Amino acid sequence: MGTARIAVVTSRGGADQDTDLPLILTALRTAGLSAQAVAWDADAPGWGGYDLAVIRSTWDYADRLAEFLAWADATAEVTRLWNPARLVRWNSDKRYLPELAARGVPVVATRVLEPGGVCEAADFDGPHGVVVKPAVSSGARDTARYEPGRGADAERHARMLLDQGRTAIVQPYLPLVEEGERALIFFGGTFSHAIRKQALLTEAGLIDNFRVPHPGAAPYRPSEAELRTARAALAAVPAPGDLLFARVDLALNDAREPVVMELELIEPNLFLSINPQGLEPFAEAVAAALATGR
Ligand SMILES: Nc1ncnc2c1ncn2[C@@H]1O[C@H](COP(=O)(O)OP(=O)(O)O)[C@@H](O)[C@H]1O
Ligand SMILES: [Mg+2]
């Protein structure tokens, strides 16, 4: 067998912003693999020419979800795609959050509003206010927080999403994000490293689609409770054995217990420049995925 060829999948807009990308290419090459950055939406290579394609900075996927999922399905037909297309599809819609909750994972309370369904004023208020976001989103797009008593504004936001035919999510605002959100990163099911970052929705009542996505990201040592919650979340995904990489974003609830805010199985920033010790486990997970017949 010759040198295995790996496509590290990025996007037209993501390649320059992805600080993990050059580090990953170097780590894979150091591990004896042939690695190349390929934009899913621009380069149109023969994906079948690669032994494995690992999705990384496809950061425009939420705006073109149907196209992206079709790309994932088609690519998975001709090469090994990680994470698998089925999990990519499952993870692309935040309706997975109530699913995880139903499987006993501590998750931020999540109300799902469907276009055409009913919603009530009571859905839009709480002691710390609420957050409204689309079910399909990344980078806090079309997401805002509303202070207590601003339920009418929150409802208007949700109705705007629903009128566009989008599913909306309403959650209580977790004020302890202001002490930091955590992101725990796993490779091949094993914990690698974590970061903490500052809260994003600092200004209430505002949709801002140009936020810095991970303000103040810094290395972080998770607590046992955080590790437990993150592992429980990963164990509850439909095919837990099929995760090359995963990022579990956690925040503390009012009882200071970690709850899942988001599970990132598609194209998470892995924060490898501030945690370079994760590069080797990442490359090992790719090598292990190559060995599967998928
Ligand atoms: N319920 C919430 N309480 C506090 N902050 C929230 C809440 N939901 C979202 N946020 C803030 O908005 C950011 C983006 O929301 P998130 O659910 O991670 O969606 P995505 O990253 O997919 O756009 C989070 O990192 C967090 O700072
Ligand atoms: Mg997020």
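**Figure 1. Salt bridges in the predicted model.** The predicted model holds 20 salt bridges, a salt bridge being a side-chain nitrogen of Lys or Arg within 4 Å of a carboxyl oxygen of Asp or Glu. One of them joins Arg141 to Asp63, with 3.2 Å between the closest N and O atoms. This pair links distant parts of the chain, 78 residues apart: Arg141 lies in the loop between strand 6 (130-134) and strand 7 (144-146), and Asp63 in the loop between strand 3 (52-55) and helix 2. Helices (H or I, at least four residues) and strands (E, at least two) are DSSP runs, numbered from the N terminus. Residues are numbered from 1 along each chain as its sequence is written, while chains are lettered from A and ligands numbered from 1 in the order in which they are written. In this predicted model, local features need pLDDT of at least 70, side-chain atom pairs count only at pLDDT 80 or more, and totals for chains, interfaces and linings use all residues; side-chain values use heavy atoms, without hydrogens and water.

Figure 2. The domain assignment, with bounds from an automatic or database source, gives domain 1 (5-90 + 282-290), domain 2 (96-106 + 177-274) and domain 3 (113-172). The C-alpha centres of domain 1 and domain 3 are 33 Å apart. Five residues of domain 1 are in contact with four residues of domain 3, where contact means heavy atoms within 4.5 Å. Between them the two domains bury about 320 Å², 52% of it on carbon and sulfur atoms; buried area is the accessible area (1.4 Å probe) that two parts lose on being put together, summed over both. Tyr61, Ala62 and Asp63 supply 75% of the area that domain 1 buries against domain 3, more than any other three residues. One salt bridge is counted between domain 1 and domain 3.

Figure 3. The model has nine aromatic pairs, counted for rings of Phe, Tyr and Trp (its six-membered ring) with centres within 6.5 Å; planes under 30 degrees apart count as stacked, over 60 as edge-to-face and the rest as tilted. The Phe68 and Trp71 rings have centres 5.5 Å apart and planes at 25 degrees, so this pair is stacked. Both residues belong to helix 2 (residues 65-78), three residues apart, or about one turn of the helix.

Figure 4. Most residues other than glycine have a negative phi, and most peptide bonds are trans. The peptide bond from Trp82 to Asn83 is cis, with omega near -10 degrees. Asn83 lies in the loop between strand 4 (80-82) and helix 3 (85-91). Arg256, although not a glycine, has a positive phi of about 65 degrees.
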